[in-house]
Amino acid sequence: MTDKQQNKLWGGRFSESTDQFVQEFTASVNFDQRMYRQDIYGSQAHATMLAEVGVLTDDERDAIINGLAEIQKEIEAGEFQWSVALEDVHMNIEARLTDKIGITGKKLHTGRSRNDQVATDIRLWLRDEMLIMEEQYLHLMTGLLDLAEREAATIMPGFTHLQTAQPVTFGHHLLAWFEMLKRDRERLLDAKKRVNRMPLGAAALAGTTYPINRERTCELLGFDGVCENSLDAVSDRDFAIEFCALAALSMTHLSRISEELVLWTSAQFNFINLPDRFCTGSSIMPQKKNPDVPELVRGKTGRVNGHLISLLTLMKSQPLAYNKDNQEDKEPLYDAVDTLKGSLRAFGDMIPALEPNREVMREAARRGFATATDLADYLVRKGIAFRDSHEIVGKAVAYGVEKKKDLGDMSLSELKQFSDQIDDDVFDVLTLEGSVSARNHIGGTAPDQVRAAVARAREALDNTGNA
């Protein structure tokens, strides 16, 4: 047997060295080394438990724990030599531990397999990343609420089919974005329950004959509970798929917001200004100010959607239990996490800095007969059936199109030609302020309702943020 074979931690059964290309093709250390902290943390807990059940001595436990702590310092100082020959983060760390403390390092793997080790590391890593994302959602959502409160009475057109529909307020529109993000954060918090289950102790697939105490390891690692079935524990990647699903949906929401930001910063809309620090210019057109951050977030949504499909496809035909296919779970998951985190960070800094062009928004709301529905409702309150009032207002709009006059710009005599029920009080409902204030109910556009919604949302965020 060659020296290279002897260095393999699993090489005893093999009579020839791994092909060099196959070695590089099957290695994962170039990307899974990012889990080094979780691997060390899990190994230290495992060693602690092994000592408590008598598999290791206290001295062996201390040597392992201290050796792993030194390895973490080496990695973080950039002094650790990663080896593709050792395949992955787990074997690299274990081999280095054996170099440092001798044969005791080889005892660390007692009672576990790389199968349950990697499944544990991924869950620990994702749990840590999800904690960061919780705070990012809070930061972005708080910024949205601050802006919505400031702009509670700023009038803008609301759209359906991207056509002017009814007047709303900018604050009300921002709260629609908030609702999307609130659901995203709820999904993240809920998914964390299924991430935070411990596979360690399942070993390769069937458990172990050593007298391990899985509940103790679970306690040391801060998991909510253990994975109950050893076969499922090592092969389950539902938690990764579920995360990618919620990430894809959250990116879809950010992409929808991005689309509106891109439209609204255009010269054709000019509803908002983005600070220069979130934009770039053109190499040829000196006047350009491009909304690169929302455009890039909109573009990155596709890659996260793709990662979800990749993981679903990865798992769809796998028999129990662990298969090498599962090595392909990490890169899609890592990139989905990185992309969502980066997008949340960018939006968390950018959204509170939006500057609305209030007069432009107001003027846009005056165009497109935005108060037509208010006029129809006015006629209903005068005793006219809604379908009839709808037809009356439709004729008034047709007249306005012909004369190039909005409803609010017409004289009383002009309006009366469509219904003798129209009187001076009609102009109270044809004003933009009257229109938005009239929808004075929970979820409505009235500025007081927007402010009340902001207050409720703040209270709910405070409660969940401190939970």
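What follows is a conversation about cysteines, aromatic rings, salt bridges and a few other local features.

Modeller: Before you start, please keep in mind that this is a predicted model.

Colleague: Fine. How many disulfides are there?

Modeller: The count comes to zero disulfides. Cysteine 244 is in none, and the nearest cysteine sulfur, which belongs to cysteine 227, is 18 Å away, whereas a disulfide would need the two sulfur atoms within 2.5 Å.

Colleague: And is cysteine 244 buried or exposed?

Modeller: Cysteine 244 is buried, with a relative accessibility of 0%. Cysteine 279 counts as buried too, at 14% relative accessibility.

Colleague: Switching to aromatics, how many pairs does the structure hold?

Modeller: There are eight aromatic pairs in the structure. One of them joins phenylalanine 159 and phenylalanine 269 edge-to-face, with 6.2 Å from centre to centre and 65° between the planes.

Colleague: Where do those two phenylalanines lie?

Modeller: Phenylalanine 159 belongs to strand E1 (residues 155-160), while phenylalanine 269 sits in the loop between helix H11 (238-265) and strand E5 (272-273), so this pair ties together parts that are 110 residues apart in sequence. Phenylalanine 159 itself is partly exposed, its relative accessible area being 26%.

Colleague: What about tyrosine 399 and phenylalanine 418?

Modeller: Their ring centres are 5.6 Å apart and their planes are at 65°, so that pair is edge-to-face. It links distant parts of the chain, with tyrosine 399 in helix H16 (residues 386-403) and phenylalanine 418, 19 residues apart from it, in the loop between helix H17 (412-416) and helix H18 (426-430). Tyrosine 399 is buried, with a relative accessible area of 17%.

Colleague: On to charges, then. How many salt bridges turn up?

Modeller: Searching the whole structure gives 37 salt bridges. Among them is the one between glutamate 219 and arginine 216, at 3.3 Å from N to O.

Colleague: How are glutamate 219 and arginine 216 placed in helix H9?

Modeller: They are three residues apart in helix H9 (residues 214-221), which means that about one helical turn separates them. Glutamate 219 is exposed, with a relative accessible area of 57%, whereas arginine 216 is partly exposed at 22%.

Colleague: Is lysine 330 buried or exposed?

Modeller: Lysine 330 counts as buried at 4% relative accessibility, and it forms a salt bridge with aspartate 329 in which the closest N and O atoms are 3.2 Å apart. Aspartate 329 is buried as well, with a relative accessible area of 2%.

Colleague: Which residues are linked in a salt-bridge network?

Modeller: Glu70, Glu74, Arg96 and Lys100 are linked in a network of that kind.

Colleague: Last topic, helix H4: how many of its residues are buried?

Modeller: Helix H4 is mostly covered, with 14 of its 17 residues buried. The helix covers residues 36-52 and reaches 24 Å from its first C-alpha to its last, close to the 24 Å expected. After H4 comes glycine 54, which has a positive phi near 90°.

Colleague: And which residues make the nonpolar surface patch?

Modeller: Phe21, Val22 and Phe25 make a nonpolar surface patch of about 340 Å². Phenylalanine 21 is found in helix H2 (residues 20-26) and is exposed, with a relative accessible area of 54%.

Notes: Residues are numbered from 1 along each chain as its sequence is written. This is a predicted model: local features need pLDDT of at least 70, side-chain atom pairs count only at pLDDT 80 or more; totals for chains, interfaces and linings use all residues. Side-chain values use heavy atoms; hydrogens and water are left out. Buried means under 20% relative accessible area, exposed over 50%, partly exposed in between (1.4 Å probe, protein chains only). Patches are made of residues with over 30% relative accessible area and no salt bridge: like charges are joined within 9 Å, nonpolar side chains (Val, Leu, Ile, Met, Phe, Trp, Tyr) within 5 Å. Accessible areas come from the Shrake-Rupley method with a 1.4 Å probe; for residues, only the protein chains shown count as cover. A salt bridge is a side-chain nitrogen of Lys or Arg within 4 Å of a carboxyl oxygen of Asp or Glu. Helices (H or I, at least four residues) and strands (E, at least two) are DSSP runs, numbered from the N terminus. The expected span of a helix is 1.5 Å times one less than its number of residues. Rings of Phe, Tyr and Trp (its six-membered ring) pair if their centres lie within 6.5 Å; planes under 30 degrees apart count as stacked, over 60 as edge-to-face and the rest as tilted.
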